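Subject: Structure handover

Hello,

Here is the structure I promised to pass on. Please open it first, then read my notes below.

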Number of protein chains: 2
Amino acid sequence: MIGLLDLRRRIDAGDLRPRDALAAARERIAGGDADLASFVALADLPDGPIDPSRPLAGIAVGVKDIVDTADLPTEMGLPAVWGGWRPRADAAIVSQVRAAGGWIAGKTASTALAYLDPTPTRNPHDPARTPGGSSSGSAAAVAAGLVPLAIGTQTGGSVIRPAAFCGVAAIKPSFRLLPTVGVKVQAWTLDTLGLFGAGVDDVAHALEAICGRDMRVGEAPGMVRFGVVVPELGGAPEPEMAAAVDRAARALERHGMAVSAVSLPDDVLGGWHASPIVQGYEARVSLAWELEHHRDRLPPGIGGALDAAASITAADYDAARGRARRARGALRAVFADNGVDVLLSPAAPGPAPARDTTGDPRFNRLWTLLGVPCVNVPGLATPSGLPLGLQVIAPFARDTAALAAAGVLERVLRGLD
Amino acid sequence: MIGLLDLRRRIDAGDLRPRDALAAARERIAGGDADLASFVALADLPDGPIDPSRPLAGIAVGVKDIVDTADLPTEMGLPAVWGGWRPRADAAIVSQVRAAGGWIAGKTASTALAYLDPTPTRNPHDPARTPGGSSSGSAAAVAAGLVPLAIGTQTGGSVIRPAAFCGVAAIKPSFRLLPTVGVKVQAWTLDTLGLFGAGVDDVAHALEAICGRDMRVGEAPGMVRFGVVVPELGGAPEPEMAAAVDRAARALERHGMAVSAVSLPDDVLGGWHASPIVQGYEARVSLAWELEHHRDRLPPGIGGALDAAASITAADYDAARGRARRARGALRAVFADNGVDVLLSPAAPGPAPARDTTGDPRFNRLWTLLGVPCVNVPGLATPSGLPLGLQVIAPFARDTAALAAAGVLERVLRGLD
């Protein structure tokens, strides 16, 4: 993988010109993406001057194909309906990346309308396995070392799960910390932009550069109190993941961190059951045009989900939104009542499964609904070398706490190598 | 004006064919809009069959030009930047209108990017005066009797204020009751879709038809407790408006309603001061592409506002969002503590001013920030015949209460004629 901060340090030291860093990324993509299929459109290298002092100067960025770009196609993962579509304006986050000096290297593969139907993208660790989804190309492109930064979105588990399967760091920040203006809507109370990078400090730097808020992890915090939570939601994690959680918890303790087991109260778990109702109802409203005019061009996953959502009434939706509100309040109490700063939880049920699915978002959708920051920390793997991701979860708006704790875990896991 | 429910009753009785109702609207627009300038694009009449039983069959609908339409241009009130733009998909609310049987008659004039710079649109009551903005064309088209229903948006006061100036009914529903998917974003925590019609029962029917929830006012509620509130925010209302509020309050009392004076606590008023900070910060993020690439093509109002917003820091914004949250909680207590069902308040400082502005949103922006339903009730006027609008405000999600109370006020004001 290509570390964003490594590149920035070389640029700051005068050892690397930003333009050469971008050209190298362009060459890596040209050489390495034919089999991977992580990109669906490529940009020309910039021809103007590049100010090396800007925080993302020299950084090639992959952008999920449901995010509007004025100079590149935006086909929503569904070229049968959105083929050749060119927005007039950039999405707000694209403007932010460009303002920070970053270069949009191209558009990365998204599942159709950011739902569960697989893309052709391969997992760099095993081409027979899924990179996860829906931000399939963004996770795979960073994992394969093509670009140091990529942008994705999560409505159920579409950032943290592919990061876990591909063994890269990623943050799904607090809801609306990154602006979704110009991003194809699936579910407006859930859709959340996220960032992929080689390590936790890379995504922290990128988040700070993009949103203009202090996010740097800086020096390691002295002590972090981790609450380990393995929610029994839709089934236990696979044995390899359960072992990975235990291994990480013991390693954190050895490094002086406080680690305790946390269980979630029913009011929090209620949010998990509310999530598919909220997502289905909003998706059917948001994607009404596709459903009305192009039902026959939708792949089975999203087509079937939109059909099924016809049975969700406004009253069902209102009740689910009420459960989501209660769950948010109840989660705030979980941190306080258990005396923990962050939660540590599986980022996915296990390693990446075969390519006929994008994997199961059951360990993600609760946190998306709750709008709290989640960071995938890579570093553990199955005996055969497939990545196993753990996520660190902080209270709403405590993105820096999530990143700092994730950085601690990342360093501890590196020490296990 | 053309009453939506009048048309529907004639269609239901078999006295009017939906297609003839649409053709009549098309002819009225062709004949009457040259001087009014309420429409910026017109659709062809539909050529397929029309099911007369659908709730908006036979209803011609004007749609503000910041709302995406697949079959009509969508120029954001800013043709210098967005000229000739044709979205591929309909906005969600356009799909909802079509699903309810409505016909999109055309796009109505919006101020540039839905901010304060005036459009060429005239006020049907006095061509030297503004129809208000930013939903200028939607309010004027209904007031001039061109269409029975129009769609607008409100970020500060862009639905209720033009409705007041043009003497039509309008609802700005609870935040997110109508989906903003496919609507140009100015400020994502404020932007709210709204509906214009001849009378309160017309907008209630349309809201129900569009959002699929029970909104009909039905029989008059026996007794409604009105709290009269004239917030001293940015200056008192003009004398004619102050007199109109008193007149309405006395008339409500004579008709057996409970009327009391309500003053807003500081925590609620704090929301008013937070509103321009939230709006400015979000607009600068949302409209970054226009600002970066087309600053010279922005009219002075929106251009200057975006420039000025550069000084709003993320910390300012976070503090303003915190004040907004506190204001929402404090407003809930206002209803309970004062024992009132709804609030009654000026919808604008006075009648429509001259056309060099779109008027002052100072009596609207607090309620937009708070996300509560507001209904403009027409019926009062200055001695020279200019409309004076009063708004009825209900707690969040109590849109039916707002509409029912507005219906009571509308009937009482009609009795004053």
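Chain A has an average pLDDT of 96, pLDDT being the predictor's confidence in each residue, from 0 to 100. Of its residues, 99% score at least 70. For the complex, the predictor gives an ipTM of 0.96 and a pTM of 0.97.

This is a predicted model, in which local features need pLDDT of at least 70 and side-chain atom pairs count only at pLDDT 80 or more, while totals for chains, interfaces and linings use all residues. Residues are numbered from 1 along each chain as its sequence is written, and chains are lettered from A and ligands numbered from 1 in the order in which they are written.

**The sheet of chain A**

Start with the open sheet of chain A. Eleven strands build it, in the order 1-3-2-4-6-5-10-11-9-7-8, with mixed pairing. Strands (E, at least two residues) and helices (H or I, at least four) are DSSP runs, numbered from the N terminus. Two strands pair if DSSP finds at least two bridges between them. At the edges are strand 1 (39-42) and strand 8 (258-261) of chain A, each pairing on one side only. Neighbouring strands are turned by 30° against each other on average, direction ignored. The axes behind such angles are lines fitted to C-alpha atoms, for helices over the stretch in contact; angles run from 0 to 180 degrees between N-to-C directions.

**Strand 6 of chain A**

Look next at strand 6 of chain A.

Strand 4 (residues 149-154) of chain A pairs with strand 6 of chain A in the antiparallel sense, over six bridges. There, Leu149(A) has Gly197(A) as its bridge partner. Strand 5 (residues 169-172) of chain A also pairs with strand 6 (residues 192-197) of chain A in the antiparallel sense, over three bridges. Ile171(A) stands opposite Leu195(A), and Ala170(A) stands opposite Phe196(A).

**Helix 14 of chain A**

Of the 18 residues of helix 14 of chain A, 13 are buried, so the rest of the structure largely encloses this helix.

**Chain B**

Chain B has an open sheet of eleven strands too, in the order 1-3-2-4-6-5-10-11-9-7-8, with mixed pairing. Strand 1 (39-42) and strand 8 (258-261) of chain B each have a single partner strand, so one side of each is left without a neighbour in the sheet. Strand 5 (residues 169-172) and strand 10 (residues 374-381) of chain B pair in the antiparallel sense over three bridges. Lys172(B) stands opposite Cys374(B) in strand 10 of chain B.

**Where the chains meet**

In the interface, 21 residues of chain A are in contact with 21 residues of chain B; contact means C-beta atoms, placed from the backbone, within 7 Å. Helix 4 (92-99), helix 9 (266-286) and helix 10 (288-294) of chain A each supply at least two residues of the side that touches chain B.

Best wishes

Note on methods: Two residues are in contact if their C-beta atoms, placed from the backbone, lie within 7 Å. A residue is buried if 20 or more other C-beta atoms lie within 10 Å of its own, exposed if 12 or fewer, and partly exposed in between; C-beta atoms are placed from the backbone.
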